[in-house]
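This report covers one protein chain. It takes up model confidence, then a sheet, then a pocket.

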Amino acid sequence: MNLREIDVYGFDYDYTIAVYRKNLNRLIYDLGREMLVSHLKYPKDIILPEHGYDPRFAVRGLHCDIEKGILLKIDAFHNIQMGTVYRGLHPVPDDEVREMYHGSHVDIESLGGFYGVGPKMYQFMDLFALPEMTLYANVIEFFIKHDIPYDPEYVFFDIRNTIASLHGSGVIHRAIEDNLDSYLIHQPEILDLFKRLSGAGKKLFVITNSGFHFVDKGMCSLIGPEWTGLFDVIITNARKPKFFSESSRHFRQYDPTQGVKTWNKVERLSKGCVYQEGNFKELIKLTDWSGSRVLYVGDHVYTDLADVSLKLGWRTGAIIPELEDEIHTINSAEFKRSIVWLTALEVLINEMQVYEDPESQDVLSEWLAERDNLRKLTKTVFNAQFGSIFRTYHNSSYFSRRFKRFADIYMSSIVNLLKYSVNHTFYPCRSALPHELSFADVVQRCSDKTHHSEQS
């Protein structure tokens, strides 16, 4: 992707421009838990401290089997990663998993539709989903522990609707507005990025599902009160992904001074003005921003990236904050040594299995046991329950598959773009297929990297 060819840069707001501290997850969890008790009459004991939010439990991209009441991690080929299937806070034994799914593969019908939502499974894709998954697991755990009969579907939809209502009603937005410094991370580089792009003659726009009042409070804190003048188009209450997939809602201009929408028909989109609702067809008609000269950056694979990539032909950038921790882990000497030995061990196992004498089979059994331990080690260094968001033991995760399908580039923060010229070209890395890469090359490359890291 050649940035020289990008004339227009678009951004989502939440978790793209505005980055939140991790204590926001605890707030969402606590508010959801309290609403379950007060509105849906869930047992009051679920609000006790021992059932509080654990930031170490879940990772993004997990699936929930709505009918079975479990969280699980699936790879790019629809295979379940054994050891990452949880009912409540406890892992489901591998034998039980294979019995439930008649193996370890999940059929495509069960995985749901294009947006990761189906009658049987739901994929948690955004960063706001972390407290929701933890609340779901804790409630199920509470019911199991106290022998309370429950239907997994009821619990899922109760929690799904409760968390959605917290967002839709403005409860979470008001809590953030009242304590901006507690929840919003201030990054002065954001203003530098926007000024640099604007100074290079690039057009800038924002499309967000959040309302103007909430966005304005955050932008004033992050950038300053004159922030609207930086953007050529500002669209709030966009209702993505429907903004990109439906064409029935027209743009309405919003008057920030009066706090109301105007009644005149929107026939042009003016710089510094605020618009609500709308749809992508009208956006293209009024701006002529189409094709690969537009780069849109957001954190949600389905809501932000999928439709604009497939339907509009825009270039896309995914925001994945977890990248920083994952890169730190994979560059540790311990992880590199484990991966090198695991790779070597699997080659040895592959060669040893042809020998059927008792002595060879004993050695093979020892190696297989050691392989299992190494696989668990290289999983738990990322997250004790579910491992890396990007990989299962060997394959890419389903989360990886989806964002790689819809994102041209990905980064931990939009400020990473400051490290590159507006004329920089990102070249794709050639991925070797199994028959193109010899084991010796893998071991040598990994060994060299490990040796280098230990020397530096």
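## Confidence

In this predicted model, confidence in the protein chain is lowest in helix H17 (residues 439-455), with a mean pLDDT of 50, and highest in strand S5 (residues 86-87), at 98. The chain as a whole averages a pLDDT of 91, and 95% of the residues score at least 70.

Over residues 449-456 pLDDT stays under 50. For this stretch the model has nine contacts beyond four places in sequence. Where pLDDT is low, predicted coordinates should not be read in detail.

## The nine-stranded sheet

An open sheet is formed by nine strands, in the order S12-S11-S13-S10-S9-S1-S14-S15-S16. Its pairing is mixed. Strand S12 (260-261) and strand S16 (409-411) are the edge strands, each pairing on one side only.

Within this sheet, strand S1 (residues 8-11) and strand S9 (residues 203-207) run parallel and are joined by four bridges. Phe11 has Val206 in S9 as its bridge partner.

## The second largest pocket

The volume of the second largest pocket is about 1100 Å³. It is lined by 40 residues, of which Asp126, His167, Asn209, Lys240 and Thr303 are the closest to its centre. Two or more lining residues come from each of strand S7 (121-123), helix H4 (129-145), helix H5 (152-168), helix H6 (171-178), helix H10 (242-245) and helix H12 (301-312).

H5 gives the most to this lining, with five residues. Sorted by class, the lining of the second largest pocket holds 16 nonpolar, 14 polar and ten charged residues.

Notes:
Residues numbered from 1 in each chain as written. Predicted model: local features only at pLDDT ≥ 70, side-chain atom pairs only at ≥ 80, totals over all residues. Heavy atoms only, no water. Pairing = 2+ DSSP bridges. pLDDT = per-residue confidence, 0-100. Contact = heavy atoms within 4.5 Å. 1 Å grid on protein atoms, 1.4 Å probe; cavity = no way out; pocket = protein on both sides within 12 Å on 5 of 7 lines; lining within 4 Å. Points joined across faces, edges and corners; volume = space filled by probe spheres on them. Nonpolar A, V, L, I, M, F, W, Y, C, P; charged D, E, K, R; others polar.
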